[in-house]
Amino acid sequence: MFGTLPAFHNTDEFRNRGLLGSKYVKLNVGGSLHYTTVQTLSKEDSLLRSICNGATEVSIDSEGWVILDRCGQHFGLVLNFLRDGSVPLPEDHKELDEVLKEAQYYQVQGLVQHCLSALQKQTDVFETVCRIPMITSAKEEQKMIATCRKPVVKLQNNRGNNKYSYTSNSDDNLLKNIELFDKLVLRFNGRVLFVKDVLGDEICCWSFYGEGRKIAEVCCTSIVYATEKKQTKVEFPEARIFEETLNILIYEKGSGPGGLHLLDSRSPGSSLGGDEEGATGGERRVRRIHVRRHIMHDERGPGQQTVYKD
């Protein structure tokens, strides 16, 4: 039943001589049965070749099956690679990783490299996909920012939180902020983690984090006092938002400790009109930029009276 394999009554003697002189081999890999040739198993300098030439001892049952204590699910794929020099690999990442583990165990280097190349292609494709997490709770937000190894930019927008009506161009500016967020996601994909928060109190506010702490904030809303009602004004400070996004790149992993103090060494006049809040004693401050936060005016048409209130 073992082809031209000579019959041995002494199992130890058979094990020590390996499969020398044999042409065909019966393999029982974790209950999965395979029938192949010594020539196929010996094509690469692998564990399977060492089994054939007797360099590695194996157990053989009374019926002549070589027993390999491994899962046999992907062993057929290993054999097909040895036969043809190439083989279609599974697209599922988990299955592909399983094939890699088997190839590494059997030391079939050609298949190992084939699997590694396929995994790298999957990684490259995955990294080109822009995924934007949505904040579902304050606890989740804190954990995400604290554990992220990249700089983080968060846009908090919640139009439904407005107690007052919007000014004439507020909706347009709110949309521009959201569009800018999408453009920044595409431009800095893989370098910065962008997240959205639609649950918070702010109508439109950008926050910038590095090393798990808030570095800067740009709030784009203000209250406008008219003669009869209050209105919410949304601004679009595109240049300021873009500058803070560039600044946060200093906190990329591997940028070096010297860059982490660059923002803190800026002069007070370089904070783009914002105020800086924070404790003394070495704690870094947060640049808070509130665009026209306390300016009060009425956006009425030409010829209408403008009223200012304190």
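Predicted model: local features only at pLDDT ≥ 70, side-chain atom pairs only at ≥ 80, totals over all residues.
Local features need pLDDT of at least 70 and side-chain atom pairs count only at pLDDT 80 or more, whereas totals for chains, interfaces and linings use all residues. Residues are numbered from 1 along each chain as its sequence is written, and side-chain values use heavy atoms, without hydrogens and water.

The protein chain holds nine helices and 13 strands. These are DSSP runs, numbered from the N terminus (helices: H or I, at least four residues; strands: E, at least two). Of its 310 residues, 42% count as buried. Buried means under 20% relative accessible area, exposed over 50%, and partly exposed in between (1.4 Å probe, protein chains only). Among contacts with a separation of 6 or more, 65% join residues 24 or more positions apart. A contact means heavy atoms within 4.5 Å.

Helix H7 spans residues 138-147. Glu 141, Met 144 and Ile 145 are buried there. Seen down the helix axis, the buried residues of H7 fall within an arc of 90°, so they line one face. The arc is that of the directions from the helix axis to the C-beta atoms. Lys 139, Gln 142, Lys 143, Ala 146 and Thr 147 are exposed on the other side. The cover over the buried residues of H7 includes strands S5 (152-157), S7 (193-197) and S8 (204-210).

Strand S11 covers residues 230-234. Four of its five residues are buried, so S11 is largely enclosed by the rest of the structure. Strands pair if DSSP finds at least two bridges between them. Strand S6 (residues 165-166) runs parallel to S11, joined by two bridges. Tyr 166 stands opposite Thr 232 in S11. Strand S10 (residues 221-225) runs antiparallel to S11, with five bridges. Here Thr 221 stands opposite Val 234 in S11.
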